[in-house]
Protein chains: 2
Amino acid sequence: MNYEEKYSDLGKSLRSSLIRELLKYASVPNSISFGGGVPDPETFPRRELSQIASEVIEKEYNYVLQYSTTEGDPELAKQMISLLDNLYGIKDLDVDNVMFTTGSQQALELASKIFLDENSIAIVEDPFYLGAASAFRMRMSKFITIPLEEDGMNVDILERKLKELDNKGLIKKVKFIYVIPNFHNPGAVTLSLEKRRKIIELAEKYDLLILEDDPYGLLRFEGEHIPSLFKLAERGRVILLNTFSKILSPGLRIGAVIGDKEIVRKFVLAKQGTDLCSSALTQRIAARYLERYDLIQQITPTIKLYKSKKDTMMKAFDEYFSDIKGMKWVKPKGGLFTWVTLPEGFDTMEMFEIAKKKLVFYIPGQAFTPDDRPSSSMRMSFCLPPHEKIIEGVKRLKEAILEYGKSKGLI
Amino acid sequence: MNYEEKYSDLGKSLRSSLIRELLKYASVPNSISFGGGVPDPETFPRRELSQIASEVIEKEYNYVLQYSTTEGDPELAKQMISLLDNLYGIKDLDVDNVMFTTGSQQALELASKIFLDENSIAIVEDPFYLGAASAFRMRMSKFITIPLEEDGMNVDILERKLKELDNKGLIKKVKFIYVIPNFHNPGAVTLSLEKRRKIIELAEKYDLLILEDDPYGLLRFEGEHIPSLFKLAERGRVILLNTFSKILSPGLRIGAVIGDKEIVRKFVLAKQGTDLCSSALTQRIAARYLERYDLIQQITPTIKLYKSKKDTMMKAFDEYFSDIKGMKWVKPKGGLFTWVTLPEGFDTMEMFEIAKKKLVFYIPGQAFTPDDRPSSSMRMSFCLPPHEKIIEGVKRLKEAILEYGKSKGLI
């Protein structure tokens, strides 16, 4: 039968993510991929999780194998609350301030359901995290993008754009400012304390919510932790999204929404009709893990590993790229990514064809624009390839850059 | 801050499910609840799952603790395909015909995204499964309801309503017919072979999709399996939704969509932005379980247990209710529920207050109407309370019925 006329407008508009399509090539033998943003499986605490899984299924089967409440596991909520207190000094939360989601992608999608109408406006960063883009786009498409600088979102532009929206009588259509404050995906930069305060000030002035997405905050290589917007702002202004994917295991699919009780309640209602509840098993495994082990101690080797890979990549960049005029890259202070910008005139999507032949993969910046605009930038992750592959991959990338640059008369 | 003006229209409309609110009371000590539809935890194969979980985390950690593809575990897809062949004679499926979801609630929600616009029409059964109602309602609200009879949907009414819609030029707005063919939730009836054929004939005539939701099909107490609409219809006409929640464990959160490759691909695209992927861990646990154990043999004691509890409830009904004129109930041939209808004039929602005082709980039929209309029926599940509690609960319910009936002059 012909399905086309059965699809909804949304159904018709669904397209495969560019990243997904590009990464299909990355499994070719001998290829080196900086494309994915997935953790190194060797960092997963498999022995601990294996033992805990077996125990909780045996002993807590009537909880872990059963339907859970939509809110999620209260034992995990307790652990989360104490983590947020110990690590970030966020106090006075109780279980009603926390809800667990099926990965933080679901938190973004539920936020989109709760807040966005077709004519709503969302303020987002440029480059724009692809997962958020796909979640928000299922409900609307009007994004105001604010460029990232070395210390995060350009708050002057943010201020100007908000003023313009206010002057045009559109400020009520703006539902939230979406921010990834630490080790941005894909931009790799970290929002300064000063700018965090400024964003909060503007959100208060125009009565906007802030959606603070912090999957990478714990993976800091150097420098001091900067307080979260959630901690800095008046309570209720910020919804904090978190996840265990980067600090424990993505396979457990556990994200968290932390916010005002009324907002969390709305997330719960939206989740009811969306997937009823997340797995009680994976949530209880995480809860018992956090109970028994010191997370910070456990992830110290992971952070060390990622930092050393980052150092290897930065060193290779210095060696191979410093003679390419106009090329620049972010030196990340944590997380999984760096953001590389080629000289003016380069189109990293077009260049992808050459890189593909050289068996080196990255994500073209175009994937992170809300309007599918060509970009001279690319996202590169250093967390998965071994050190020697990082060096070899950067070498291949240099060849691709030179070949493309020459063919276009850019170099 | 005041969130009300931040919410989307959908956000504003979200209400807690009636079942959820009602079942809060059911945890009072000494209460007897026929309300929930959750499996008996003693039926979960905890020893097997405990061992498998420990093994797969230890040995397959780089798969089970990592992000999975959006489609889900190919090993589980293989098992699912062979199950559908062995149990139901459904042949010629390959992995591209199968996608796994975070419980079958997610499959309903994704179907709603893919097919339903605000002005779409869905044909549903009356009573209407609440989970489907909440998923579909997030996108639209125009339901055409077709009453259930002892052998399923009244196909004469279905035929007449489709004709009317066609005459009014509205047939293109109808996206699908939603059917729970086996041991209906909440209606407890099973769709006859003859009616299955008739529904397919009508779907072909008007070029409609059929959404066949079959969570309970394997839990048959008596009689022969009736072929699924998916098997009976031309390939591509029916989307089959399945789940491991009732035959293995709801805590794993594994639902399945089985359909034409093009449709399954749309489900995958919709899932990408919704929660990226379901847990690789719980999917691989299910896959290895199905590989090692004979599911039919494994669930035989479960079916026996539910059948014996159903028999206990039916016997208690005969004993306590047969003198209440005009009262009737469905004798289910499988599944978890029966559907009880009180004499005309009864309102089971209103009666709930009296039942609550007597510490016996059920779900009022009103919860299963698309328009929140009073109902003289109620859903009762027999799968969770022990035998003596079933008898005691029916006794209490009788008291509630008499008290309410007398107060209203109905008895």
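Me: What strand order does the open sheet of four strands in chain A have?
Reply: The order is β10-β11-β14-β13, and the pairing is antiparallel. Keep in mind that this is a predicted model.

Me: Which are the edge strands there?
Reply: β10 (328-329) and β13 (363-364) of chain A. Each of them pairs on one side only.

Me: And how many bridges link β11 and β14 of chain A?
Reply: Five bridges, in the antiparallel sense. β11 covers residues 337-341 of chain A, and β14 covers residues 377-381.

Me: What is the bridge partner of V340(A)?
Reply: M378(A), which sits in β14(A).

Me: Zooming out. How many helices and strands does chain A have?
Reply: Chain A has 15 helices and 14 strands.

Me: What is the radius of gyration of chain A?
Reply: 22 Å. A compact globule of 411 residues would come out near 22 Å, so chain A agrees with that expectation. Its C-alpha atoms fill a box of roughly 65 × 60 × 55 Å along the principal axes.

Me: What percentage of chain A counts as buried?
Reply: 54% of the 411 residues. As for contacts in chain A between residues at least 6 apart in sequence, 75% join residues at least 24 apart.

Me: Switching to chain B. Where is the kink in α13(B) centred?
Reply: On P301(B), with a bend of about 30 degrees.

Me: Which residues of α13(B) are buried?
Reply: I299(B), T302(B), Y306(B), K309(B), K310(B), M313(B), A316(B) and F317(B). On spacing in general, an α-helix has 3.6 residues a turn, so residues three or four places apart point the same way.

Me: What do the buried residues of α13(B) pack against?
Reply: Three elements of chain B: β10 (328-329), β11 (337-341) and α15 (387-407).

Me: Why say the copies meet through the same surface?
Reply: Because 99% of the interface residues of chain A are also interface residues in chain B.

How values were computed: Residues numbered from 1 in each chain as written. Chains lettered and ligands numbered in written order. Predicted model: local features only at pLDDT ≥ 70, side-chain atom pairs only at ≥ 80, totals over all residues. Helix = DSSP H or I, 4+ residues; strand = E, 2+ residues; numbered from the N terminus. Rg over C-alpha atoms; globule rule 2.2 N^0.38 Å. Buried ≥ 20, exposed ≤ 12 C-beta atoms within 10 Å, placed from the backbone. Contact = placed C-beta atoms within 7 Å. Bend = angle between axes of the 7 residues up to and from the residue. Pairing = 2+ DSSP bridges.
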